[in-house]
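Hi,

Here's the structure I said I'd pass along. Have a look at it first, and then read on for what turned up.

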Amino acid sequence: MTAPDAVREGVRRPWRPALVRSVLLRHDRVRGVDLLVLPERVVVLRGAAGAIVALCDGERDVTGIVAELARRHPDAPVAEEVPLFLARLRSEGWLR
């Protein structure tokens, strides 16, 4: 079944987030923060946001990202917050 056939059949593949080509994840050592570098704009990522974005490699799906973060931070509410965060980045056009 090809991808268009899968869409027609109602089969949805899990989303495997990755940064779009025009967006780079960088660490600013001077300020000690992670940054999303976009054309003509820089977004400062606070807290664990950089670690979440770093897992968006196009290989892991959202469930895999949540599982990895839950393993690293067992007491954090990653199952509720991470999918919302990723959806927001996607709506901004920074993740594909």
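In helix 3, Val62, Ile65, Val66, Leu69 and Ala70 meet Val78, Ala79, Val82, Pro83 and Leu86 of helix 4; contact here means heavy atoms within 4.5 Å. By class, that contact has 10 nonpolar residues, no polar and no charged ones (Ala, Val, Leu, Ile, Met, Phe, Trp, Tyr, Cys and Pro count as nonpolar, Asp, Glu, Lys and Arg as charged, and the others, Gly among them, as polar).

Before you go further: this is a predicted model, where local features need pLDDT of at least 70 and side-chain atom pairs count only at pLDDT 80 or more, while totals for chains, interfaces and linings use all residues. Residues are numbered from 1 along each chain as its sequence is written, and side-chain values use heavy atoms, with hydrogens and water left out.

How do the two helices cross? The axes of helix 3 (residues 62–72) and helix 4 (residues 78–91) come within 10 Å and cross at roughly 135°; axes are lines fitted to C-alpha atoms over the stretch in contact, with angles from 0 to 180 degrees between N-to-C directions. The pair is therefore oblique (under 35 degrees is roughly parallel, over 145 roughly antiparallel, 65 to 115 roughly perpendicular, the rest oblique).

Zooming out, the protein chain has 4 helices and 3 strands, in the order α-β-β-β-α-α-α along the sequence. These are DSSP runs numbered from the N terminus: helices are H or I with at least four residues, strands E with at least two. Of its 96 residues, 32% count as buried, meaning under 20% relative accessible area with a 1.4 Å probe, protein chains only.

Cheers

Note on methods
Buried < 20%, exposed > 50% of the residue type's maximum accessible area, 1.4 Å probe, protein only.
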